[in-house]
Amino acid sequence: MASGTALDPGTGLGVATDAVERALRAGAHGAKVLHTYTEKFEVNFDTRDITLVRSTVDDNLAITVYSDTRKGSTQLTGRAHDAVDRAVVEALDAAEAGERDAANVLPEQAAEPATVDDASAPDTELMVDAVLAHLEAMRDRYPTIVSDSSFYSFVSTWRSYANSHGRTQQARTGHYELAVMASGKDGKKATSFNYVAHLSEEPTRDLLSLAAVERLYEGTVASFDARPVPSTFVGDVIFTPEAVETLVETLVGALGGVALLRKATPFLDRLGARIAEGGFTVEHAPSSLAGAPAFDGEGFVNRDLPIISDGVLENFLVDWYFSHKLDRPMTTGCGDFLVRPGAETLDDLIANTERGVLLGRYSGGSPNQNLDFSGVAKNSFYIENGKVTHPLAETMVAGNFVSVLESIRGISRETVDFGDAVNPWIATSGITVSTK
Amino acid sequence: MLDQLERYADHLEPYTELRLHKNHQSNVVMVSGSLMTNQSTTVGGVSARSYRDGAFGFAALPSVSDDAIPRALDQAMENALLLQRRARRAEGDLPDAGAGTGIFDHRQGRPPMTAKERVDLVREIDAHLRCTYTDLLSITVGLQTLGIEKALVTSAGAKTYSYVPRAVLYVDLAIEASDGNVEIYDVFGGFGEAQDHFTNIDPLRADLARLYQELRDKAEGAYCEPGEHDVVLGSEMAGILAHEAIGHTCEADIVLGGSIAGDHIGDVVASEKVTLIDFAERGPDGRGGIAISVDDEGTPCEDVVLIENGVLKALMHNKETARIMGATPTGNARAFRFDDEPLVRMRNTAILPGTDKLDDMIGAVERGYYFKRPTNGQADSTSEFMFGVGCGYEIVDGKIGRGVRDTTVAGVAFDMLKTITHVSEDLTWLHGGWCGKKQLIPVGMGGPAVKCRIGVGGRS
């Protein structure tokens with residue numbers, strides 16, 4: 001692949017600090033710069049073969065300048081001095097056109113520099129071997145599965161942050177990502193497509209050994225001859241670990257700074273209150289997840305943090321800017337979450353479901369400010385009298401995620417590890433399940 | 001940019017594409033009176049893709065300098081050779097698809113809006129809304145511009161430059177209803193630069209008043225009844241229907257990945273009132289959301305008639321899918337960023353207008369819904385699609401009734417399209433429109449209003 005060995009984290013920090021100095025010389029009252037240098041090696045494949053080997057390099061400089069408390073930003077590719085100077089002028093123009101905002105302040109020098117150097121490099125031969133072995137295994141074990149737009153990649157990232165108060169951070173990290181898209185095709189019979197991604201810091205020779213990937217394929221071959229639920233009803237939904245991700249993403253949006261500023265969240269006044277049942281616990285856990293950045297966009301170290309503990313809302317997701325804007329304590333500017341397992345087995349959750357849906361994937365409209373949702377139950381199965389009976393088609397689910405949290409009746413002890421998230425199965429009730 | 005590449009054009013071998021590519025963007029976002037984003041961005045670089053005996057190699061570098069170009073070419077060939085050596089059987093040449101040439105600069109030449117003018121416009125709209133509609137809980141106003149600038153040469157003889165601009169203004173309003181917050185948004189602008197659309201706030205005032213009224217109607221409205229209903233999908237909904245329900249299903253790489261459309265070429269899949277085309281240029285009215293004349297493989301673009309009078313006719317191809325399926329490339333290979341490889345993507349996808357009047361279509365529904373504007377959507381290889389509805393109304397005895405809250409419509413395209421009984425005489429293009437498929441990319445989506453039966457999500 002294209003070589004980036006002429007660069008090291010120190011060089012990247014030099015680019016960032018140089019850009020800060022240029023901004024100050026151009027008249028900025030303050031500046032911050034995030035330099036990101038990325039190398040990617042990617043093996044693309046479909047059902048038949050490897051389709052493309054792709055290597056890319058990106059060299060991105062994000063410059064934010066301050067004119068009093070007004071802020072303007074630019075991003076550019078590269079670090080040529082004349083281009084940086086032009087970008088600084090553009091950012092200053094934007095800042096001077098901007099709004100005064102007392103929250104536009106820069107953090108002081110860091111007490112704890114987050115210099116991380118995880119100097120891994122891709123094992124490209126192993127990656128090609130792994131994909132070839134995977135294609136062969138798929139032909140033997142899953143002949144009715146077809147796939148497209150799948151890839152196994154390695155991404156190396158050098159990130160360097162500097163601001164005009166002397167705060168600096170730098171990190172080099174690397175991770176492997178396997179992204180697979182698959183559907184079933186047997187003659188004229190077809191299943192819905194589905195997809196999964198798995199991140200890891202080490203390469204994997206046997207891609208089928210990843211639980212998330214095996215689940216994708218097993219779920220797909222079990223999904224032929226899907227049909228709707230027998231009738232519309234209000235019942236239980238068991239969110240699979242894949243579908244739990246939709247729940248977490250919705251929660252993250254509702255607990256973030258923008259939602260708080262817009263008063264666009266049902267949790268606005270619920271800090272310290274119980275918002276979920278069943279022992280539901282969500283943690284911001286970068287230390288145990290692959291691909292998590294070492295620091296956020298203001299140079300603060302990415303730390304573990306409880307968000308919801310045993311159903312109680314412990315923290316909003318408030319970064320440096322919103323902590324000043326909203327006069328709330330700063331918590332985190334990053335987003336790396338896992339959901340803690342419960343005490344029940346998945347078999348028990350299913351056995352205790354009179355009538356419901358095992359929801360594999362939610363394909364629906366983005367939940368609104370009240371967290372109402374309405375969408376299609378994809379890659380899902382009907383449950384009746386405690387047993388999974390058949391795969392579903394043309395079945396919709398509708399409800400409200402606040403109610404979902406309040407109605408959790410069980411969380412599985414089993415989890416699925418996606419590398420950048422770890423989720424259990426979650427059983428809840430009171431959801432409208434409809435068909436035509 | 002094209003001059004820079006032309007010196008390499010006669011030396012590209014074997015099959016190779018060489019592209020210089022810059023995306024110029026600006027983004028101003030004001031949330032509840034605070035300027036959250038005030039940014040301009042230019043990202044770009046060079047990419048090369050080589051094909052050797054059935055093996056593709058791609059490489060991209062973050063520079064448009066003369067020394068980066070040969071390095072990208074060498075790296076792309078090295079990647080193709082790695083693949084050929086390790087994995088790929090010889091599979092023959094890519095099909096001859098012609099060689100697109102020409103300069104396609106869609107800028108109108110008006111003086112660009114300055115950073116101050118962009119911020120002032122957003123600030124003025126925010127202030128107008130705040131003063132005029134005092135019960136709003138939150139106001140978000142955003143102005144986003146995008147200019148995609150590319151030069152491309154290929155070993156097949158393509159030599160082309162394009163600059164395709166788009167500018168959209170979005171307004172999101174929220175109000176407190178009796179049971180919580182209710183939100184609505186709309187998007188304005190489209191193809192062209194910001195100065196082509198937004199010289200001042202005056203042309204927007206009527207639309208902002210209409211948006212506020214729709215919000216009030218929605219706040220006082222009800223949840224939909226779940227199940228299948230008679231529905232009039234407004235002309236702004238038909239574009240996403242064309243894109244999600246049929247378009248994705250007919251992308252040849254998706255067909256190779258299991259889409260059932262491949263089994264239905266020549267079959268009746270829709271009412272005979274339905275003709276659906278993916279337009280290379282800007283569509284029959286010249287107002288589509290994007291303009292692609294030569295694709296990113298250098299193929300001259302052609303319109304692809306996907307459905308003609310209800311019959312499924314064709315798929316959209318790039319060179320690789322055309323080679324595999326024995327078809328002709330259609331000019332649908334597109335890449336969004338400099339470091340993206342071209343994929344099979346739609347351009348301007350639209351259902352053609354019919355002859356019916358919208359009022360007659362609503363009048364023909366005894367009890368059902370009129371859905372005006374979509375939110376997000378998703379397709380499936382089974383042709384089962386869904387898209388969200390952000391603005392809609394009940395229809396009772398042929399008349400518009402209460403507003404409805406956010407919902408989702410869904411169906412199996414090849415069944416649902418057969419239920420279309422009316423197609424209106426107008427054609428509306430969505431002002432924005434993005435499509436996600438490994439890479440995000442701007443697309444055009446358009447159509448008339450259609451009356452059909454479709455599944456509606458809701459609360460019992």
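Modeller: The account below treats the salt bridges one by one.

This is a predicted model, in which local features need pLDDT of at least 70 and side-chain atom pairs count only at pLDDT 80 or more, while totals for chains, interfaces and linings use all residues. Residues are numbered from 1 along each chain as its sequence is written, chains are lettered from A and ligands numbered from 1 in written order, and side-chain values use heavy atoms, with hydrogens and water left out.

With a salt bridge taken as a side-chain nitrogen of Lys or Arg within 4 Å of a carboxyl oxygen of Asp or Glu, the count over all chains is 60. One of these joins B:R110 to B:D196, with 2.6 Å between the closest N and O atoms. This pair links distant parts of the chain, 86 residues apart: B:R110 is in the loop between β4 (101–105) and α3 (115–132) of chain B, and B:D196 is in helix α4 (residues 194–197). Helices (H or I, at least four residues) and strands (E, at least two) are DSSP runs, numbered from the N terminus. B:R110 is partly exposed because its relative accessibility is 42%, the class lying between buried (under 20%) and exposed (over 50%) with a 1.4 Å probe and protein chains only. B:D196, at 23%, is partly exposed.

Within helix α3 of chain B, B:K116 and B:D120 lie four residues apart, about one turn, and their side chains form a salt bridge at 2.8 Å, N to O. B:D120 is partly exposed at 25%. A further bridge, with closest N and O atoms 3.0 Å apart, connects B:D202 with B:R205; B:D202 is partly exposed at 48%, as is B:R205 at 33%. Finally, a network of salt bridges links A:K40, A:E42, A:R54, B:D340, B:E341 and B:K438.
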